[in-house]
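I opened this entry to keep track of what I looked up, in the order I looked it up.

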Amino acid sequence: MIRIATLVIFSFLFHSQIAAQTTRYIVKLKHKGGTPYSISNPSAYLSQKAIARRTKYGIAIDSTDLPPVPQFITQIGNVTGVTVLNISRWLNSITIKTSDPNAITTINGFAFVESTSGVAPRWSPDVVNNQSKFEQEIEGINPTMAREHQVTADYYNYGTSSFNEIHLHNGEFLHNIGLRGQGMEIAMQDAGYFNYTLLKAFDSVNLNGQVLSTWDFVNREASVIEDNSHGMQCFSTIAANIPGQFVGKAPKALFHLFRTEDVNGEYVIEEHNWVCGAERADSTGADVITSSLGYTTFDIPGFDHDYATRNGDIAMATIGADLAAKKGILVFNSVGNIRDAATHFLSVPADGDSVVAVGSVSAAGVVASNSSYGPSADGRIKPD
């Protein structure tokens, strides 16, 4: 009896703590009945390029492609004190912001609502360009090798350090036979692309209009240049073109730059943002998603992804990443940046069975000191 009472008290305190901290929620909807959209008319919610991708790979339009019922979204948004943030058609859910517990009671009373879950505290915009989430990533990089010989026939003049990075995957061979990313659309998901419009590395990308779209799922705005620099740095490894110094892997590609990560904390809402970004990549017709993000532990207790749950089937971002792959998109995600004895295993969504999990090495091919490793909890070999 004492043990049961203790568990009840702990549960009450845990949920009270979440309620006290929370101003952002995920609202899960029960169904898509009554939707004005139809599987037979996908052009109402997918681009022609997205439809062409499905046709090319023989992928059928299904109910996950249908947006949530607009009437449901409107009804929730009309509740006093509620702001609708992001909408996921794959998860049939939305995120909202409210500090009024009565609003949550009202929403839970709607017949079409399955559940509401508090997932993040009040957002603070005061911390800008915060690198704290990514410090481990920088610390684990090993020095590059010196290039031992100069190749004069390459299409690009890489410079010593840049060549060593490109050569890890024989990227110079691909460039030399004409495969430089042209015709491919790459969607990036990260924490921001600080000042990419002003930096020399992206002169070619900016002059040629290779960034097709941008969207900030944290602030819900088009601009992504005033936030964290981590996404810009990752962007440079693909798109940079400074002859003799630094050339990226696919400098001729087209890009969609999405901010899904909030560096001010680690909360489950960021996984929902990740899925919404993947859906936007799908609907715009992107061929590839690349993300150097990962989730294992959160700032609110009780939401952590312990190792047993990193099996490719449970985490929200993993479900979204695998669905993106099933829509015909090639999904790359970092395997993680933690290698201490207790938490060295891969992060979410790198555990997805259809996600290409990418580890970190030096130019010599030596695994970085902080790069996470597998296997996934269900025994699959990771990284890929």
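**Salt bridges, sheet, cysteines**

I began with Asp 227, which counts as buried because its relative accessibility is 8%, under the 20% limit. The model is a predicted one. I then looked for a partner and found Arg 259, whose side chain meets that of Asp 227 in a salt bridge at 3.3 Å, N to O. Asp 227 sits in the loop between β6 and α9 and Arg 259 in strand β9, so the pair ties together parts that are 32 residues apart in sequence. Arg 259 is buried as well, with a relative accessible area of 4%.

Next I ran the search for salt bridges over the whole structure, and it returned eleven. I noted Lys 327 with Asp 62, where the closest N and O atoms are 3.3 Å apart. This pair links distant parts of the chain, 265 residues apart: Lys 327 is in the loop between α11 (316–326) and β11 (330–334), and Asp 62 is in the loop between α2 (48–57) and α3 (70–77). Lys 327 counts as buried at 2% relative accessibility, whereas Asp 62 counts as partly exposed at 32%.

I also looked up Asp 384 and Lys 382, whose side chains meet in a salt bridge at 3.0 Å, N to O. Asp 384 is exposed, with a relative accessible area of 58%, and Lys 382 is buried, with 6%. I then followed shared partners: salt bridges join Arg 53, Arg 54, Asp 62, Asp 65, Arg 89, Asp 282 and Lys 327 into one network.

I turned to the sheet. In which order do its six strands lie? I read β6-β9-β5-β10-β11-β12, an open sheet with parallel pairing. β6 (211–216) and β12 (356–358) are at the edges with a single partner strand each, so one side of each has no neighbour in the sheet. Direction ignored, neighbouring strands are turned by 15° against each other on average.

Within the sheet I checked β5 (residues 185–190) against β10 (residues 288–291), and the two pair in the parallel sense over four bridges. Gln 189 has Ser 291 in β10 as its bridge partner. Helix α9 (residues 230–239) lies across β5, β6, β9 (254–259) and β10, and runs at about 155° to β5.

Last, I looked at cysteines. Cys 234 counts as buried at 17% relative accessibility, and Cys 276 counts as buried at 4%. How many disulfides does a search of the whole structure find? I got zero.

Key. Residues numbered from 1 in each chain as written. Predicted model: local features only at pLDDT ≥ 70, side-chain atom pairs only at ≥ 80, totals over all residues. Heavy atoms only, no water. Disulfide = S-S within 2.5 Å. Buried < 20%, exposed > 50% of the residue type's maximum accessible area, 1.4 Å probe, protein only. Pairing = 2+ DSSP bridges. Axes fitted to C-alpha atoms, helices over the stretch in contact; angles between N-to-C directions. Contact = heavy atoms within 4.5 Å. Salt bridge = Lys/Arg side-chain N within 4 Å of Asp/Glu carboxyl O.
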